[in-house]
Amino acid sequence: MRRILTEAAAVGNATARTLACRPRPSEDAHFYGPSSRWVNGLLASGHDFMTPPADVTDSGVETHPSTGARKLNLRSWWYLAVGISPPFATRLTDVGSQYLFSFADREGRALDGGKHYRLVLPPDIPAARFWSCTVYDNQTRSMIETPQRFPRAGSQTHPSPAATADADGMTTVRFGPDRPDGVPEGNWIQTLPGRGWFVVLRLYSPLLPFFDRTWRPGGIEALDRPCAAARARVRARHGSAVHTTEPVRGRARPTVGVRDDRNAVPGERPPEEDTHRARRE
């Protein structure tokens, strides 16, 4: 009986971890389409995990019917978090906060604390109050514990220096066991060799470009290619540093659970590769 229960605990932990960190594209958690590594299951499930959040536009509020059943896989949110609030799953601009999680690099590889990575954020990060990027330990799901003390980068100047943008308005966040030469203190988050990690990008009082996807973060890139390549991809997507709030792809408002790869960043894994990979696993 001890052997059975010990094995069951390990299998249950592995199952919850997989559901939370690698949701299937069919579950609509991939915010920018199946090939993107940024996920947010709450905008597909709602805070009760059975009612997608309403669309809020200038014309009014369009609610969605309850499915009558819990989205059990997306409830694996509880593996990563200990609480939930309706504003987490509300499509109101300038209200509450929105989170994007990434558990892998652009190529789908788990994030390694002994390697160096970068994340390029386009200009005009859509947060009226502030934004932050925080690193968590895969095993504890708590903020990673390093000599840096505060594993975050963001717009606030406390408790660590604020991240600084470059002349073109883009903000580059670097991850790795040591701070690279020339990288400002506020733009680097320390990781630990031998420890896996994931990142949460938080937008407090999110703005319309987040919801209609006219603004999107780049993928987390392992530093095996020139930094200019990542910046060029983001610049090609967003154009100039000035953004409008016009919706993408001709939609009048954001919709829930759209799986569309026309916005995929070049070089990201196409959805059919995700499917083959899931079958192999």
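Let's start at G68, which sits in the loop between β3 (60-62) and α3. Helices and strands here are DSSP runs, numbered from the N terminus, with at least four residues (H or I) for a helix and at least two (E) for a strand. At 59% relative accessibility, G68 counts as exposed. That word has a cut-off: exposed means over 50% relative accessible area, buried means under 20%, and partly exposed is in between, using a 1.4 Å probe and protein chains only.

Before going on, a word about what you're looking at. This is a predicted model, in which local features need pLDDT of at least 70 and side-chain atom pairs count only at pLDDT 80 or more, while totals for chains, interfaces and linings use all residues. Residues are numbered from 1 along each chain as its sequence is written, and side-chain values use heavy atoms, with hydrogens and water left out.

How confident is the predictor? pLDDT is its confidence in each residue, from 0 to 100. The protein averages 82, and 79% of the residues score at least 70. Over residues 240-281, though, the pLDDT is below 50, and this stretch has 92 contacts in the model beyond near neighbours in sequence. A contact means heavy atoms within 4.5 Å. Where pLDDT is low, the predicted coordinates should not be read in detail.

Now step back to the whole protein. You'll find six helices and eleven strands, and buried residues make up 46% of the 281 residues. Of the contacts with a separation of 6 or more, 72% are between residues 24 or more positions apart. The accessible surface comes to about 13800 Å², and 54% of that belongs to carbon and sulfur atoms. These areas come from the Shrake-Rupley method with a 1.4 Å probe, and for residues only the protein chains shown count as cover.

Next, follow the strands. Five of them form an open sheet in the order β1-β4-β10-β6-β7, with antiparallel pairing. At the edges are β1 (38-39) and β7 (152-154), each pairing on one side only. Two strands count as paired if DSSP finds at least two bridges between them. Between β6 and β7, which run antiparallel, there are three bridges, and C133 stands opposite A153 in β7.

Another strand worth a visit is β5 (residues 117-121). Five of its five residues are buried, so β5 is largely enclosed by the rest of the structure. In a regular strand the side chains alternate between the two faces of the sheet. For β5, both faces are covered: Y117, L119 and L121 lie on one side, R118 and V120 on the other, and all are buried. β5 pairs with strand β8 (residues 171-176) in the antiparallel sense over five bridges, with L119 opposite V173 in β8. Two bridges also join β5 to strand β11 (residues 221-222), again antiparallel; here R118 has E221 as its bridge partner.

Side chains of opposite charge can pair when their charged atoms come close. A salt bridge is a side-chain nitrogen of Lys or Arg within 4 Å of a carboxyl oxygen of Asp or Glu, and the structure holds seven of them. R106, E107, R118 and E221 are linked in a network of salt bridges.

Elsewhere, R109 and D105 meet in a salt bridge at 2.9 Å, N to O. R109 is partly exposed at 41%, whereas D105 is buried at 2%. D137 and R195 form another, with their closest N and O atoms 2.8 Å apart. D137 lies in strand β6 (residues 127-137) and R195 in the loop between β9 (188-190) and β10 (197-206), so this pair ties together parts that are 58 residues apart in sequence. D137 is buried at 6%, and R195 is partly exposed at 32%.

Finally, look at the surface, where V56, V61, L92 and V95 form a nonpolar patch with about 290 Å² of accessible area together. V95 belongs to the loop between α3 (77-80) and β4 (97-102) and is partly exposed at 37%. Patches are made of residues with over 30% relative accessible area and no salt bridge, where like charges are joined within 9 Å and nonpolar side chains (Val, Leu, Ile, Met, Phe, Trp, Tyr) within 5 Å.

Notes: pLDDT = per-residue confidence, 0-100.
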